[in-house]
Amino acid sequence: MTTKLRVTIIGAGLGGLVAAIAAKRAGLEVRGFEQARAFGEVGAGIQLGPNAVKVLRALDLEHGLFEFGAQPRNHVARSWKSGRELFRSPTRDACVEQFGSPFFQVQRSDLHEHLRSALPDDTFLLNKQMTGFTQNRDSVVAHFRDGTEVESDVLVGADGIHSTVRNELLGAEKPRYTGVICWRGQVEASRLPPDLIPPDSLNWMGPGGCVVHYFVRPGRLVNWIAHRQVDVWADESWSKPGDKQELMDAFTGWHPSLLRMFEATETCFKWALLDRDPLPTWTKDRVTLLGDSAHPMLPFFAQGGAMAMEDGYVLARALASGADPIAGLHAYEALRKERSTRVQLSSRARADSIQTTSLLARVRRDVGFKVDQWLRPAGAIRRADWIYGYDATAVPL
């Protein structure tokens with residue numbers, strides 16, 4: 001009789017959920033633990049490029065995106081003050097034609113609920129805070145604050161940028177403040193003038209900051225994120241209330257349509273953008289990391305969730321391949337490390353380009369946009385082919 005490989009997952013974010021779904025469907029025994037007392041999330045949007053949608057397609061979960069997600073017509077960049085168009089990339093049809101999969105923008109809580117519905121209710125236990133782990137030749141044991149212990153063959157840290165698993169595995173190290181503060185909010189389209197927000201993904205680029213906005217529920221709910229370079233530290237949190245007047249002051253002089261959108265938003269939230277350098281390794285024996293625990297992404301390629309989902313699917317494939325679990329974990333890392341590192345560093349570099357305060361650098365950037373658009377007038381989402389064309393479900397193990 002064959003004993004199922006036992007996998008313990010710490011963290012029920014998007015990467016942890018995808019890993020659990022894929023592992024269960026591959027015949028592995030999965031137990032998950034989440035420190036939050038309840039599922040649920042303050043409203044926030046997430047962009048799912050074709051590479052992320054391919055993962056959901058392989059899990060037979062793509063259909064839900066058509067039910068609750070928005071498909072942007074174009075990706076558009078505009079100048080922060082005048083609104084002058086810097087580039088326009090067709091998205092809705094072009095992504096399917098070019099990459100074989102659509103592009104969606106969704107409410108994160110909608111996606112989270114959609115993924116959880118694909119798992120038995122008891123897969124993840126809530127209010128379970130891991131404090132450490134021990135491992136030996138044959139197993140790994142996770143220790144929790146309530147005194148319980150869970151033994152398994154593999155332990156996966158999917159617990160975010162402040163990962164307990166990472167700290168235990170590699171030693172405690174605080175993430176680095178990037179000098180960027182973010183505000184985010186959502187506003188019902190009914191509170192805005194008609195046609196103020198087009199059905200596109202818009203990125204307003206300005207000196208020392210940028211603003212991105214898009215629909216997350218088609219025609220009904222707009223999600224926006226505003227980044228500003230400042231020297232003052234702020235706590236990283238997804239639920240810290242923001243002062244709307246502080247937001248308005250930070251974007252004084254920016255385009256009137258942005259200020260109107262901010263004014264119409266009833267509640268906004270504020271957090272500090274944190275970063276870490278790529279790791280030389282994120283696996284030791286029977287313990288590994290995925291998503292932001294391993295390679296936190298700055299949001300300037302909108303790939304944090306997508307990379308976690310790719311990680312989760314590849315991890316399950318590697319563990320189900322029949323190899324020794326330790327060999328499976330190292331195979332997973334070998335498959336993911338180069339790609340995730342490239343996206344991580346590219347997101348960091350893109351932040352510098354989008355928010356540069358140098359007039360000469362902005363002119364060079366904008367000329368590059370125009371040249372790209374002239375060379376590829378129908379090309380989907382400039383310079384992102386290597387990201388969106390990737391298929392984590394088909395990469396050879």
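Let's start with helix α5, residues 108–116. Six of its residues to look at are Arg 108, Asp 110, Leu 111, His 112, His 114 and Leu 115, and they are buried. Keep in mind that this is a predicted model.

What covers those buried residues of α5? Among the helices, the cover includes α1 (14–25), α2 (50–58) and α3 (63–68). Strands take part too, including β3 (45–48), β6 (104–107) and β14 (209–217).

Hold on to β14, please. β14 belongs to an open sheet of seven strands. Read the order with me: β5-β4-β13-β14-β15-β12-β16. The pairing in this sheet is mixed. Which strands stand at the edges? They are β5 (85–90) and β16 (268–275). Each has a single partner strand, so one side of each is left without a neighbour in the sheet. Neighbouring strands here are turned by 20 degrees against each other on average, with direction ignored.

Now zoom in on one pair. β14 is joined to β15, residues 221–229, by eight bridges. The two strands run antiparallel.

On to another sheet. This one is open and has three strands, in the order β8-β9-β10. Its pairing is antiparallel. The edge strands are β8 (130–135) and β10 (149–152), and each pairs on one side only. From one strand to the next, the twist averages 20 degrees. How many bridges link β9 and β10? Four, and the pairing is antiparallel. β9 spans residues 140–144. In that region, Val 140 stands opposite Ser 152 in β10.

Last stop: two helices. α9 is residues 304–319, and α10 is residues 325–354. Their axes come within 8 Å and cross at roughly 155 degrees. Angles over 145 degrees count as roughly antiparallel. α9 and α10 are therefore roughly antiparallel to each other. The crossing is right-handed.

Who meets whom? From α9 come Met 307, Glu 310, Asp 311, Val 314, Leu 315, Ala 318 and Leu 319. On the α10 side are Pro 325, Gly 328, Leu 329, Tyr 332, Leu 335, Arg 336, Arg 339, Ser 340 and Val 343. Sort this contact by class, and you get ten nonpolar, two polar and four charged residues.

Definitions and conventions. Residues are numbered from 1 along each chain as its sequence is written. This is a predicted model: local features need pLDDT of at least 70, side-chain atom pairs count only at pLDDT 80 or more; totals for chains, interfaces and linings use all residues. Side-chain values use heavy atoms; hydrogens and water are left out. Two strands pair if DSSP finds at least two bridges between them. Axes are lines fitted to C-alpha atoms, for helices over the stretch in contact, and angles run from 0 to 180 degrees between N-to-C directions. Angles under 35 degrees count as roughly parallel, over 145 as roughly antiparallel, 65 to 115 as roughly perpendicular and the rest as oblique. A crossing is left-handed if the near helix is turned anticlockwise from the far one by less than a right angle, and right-handed if clockwise. Contact means heavy atoms within 4.5 Å. Ala, Val, Leu, Ile, Met, Phe, Trp, Tyr, Cys and Pro count as nonpolar, Asp, Glu, Lys and Arg as charged, and the others, Gly among them, as polar. Buried means under 20% relative accessible area, exposed over 50%, partly exposed in between (1.4 Å probe, protein chains only).
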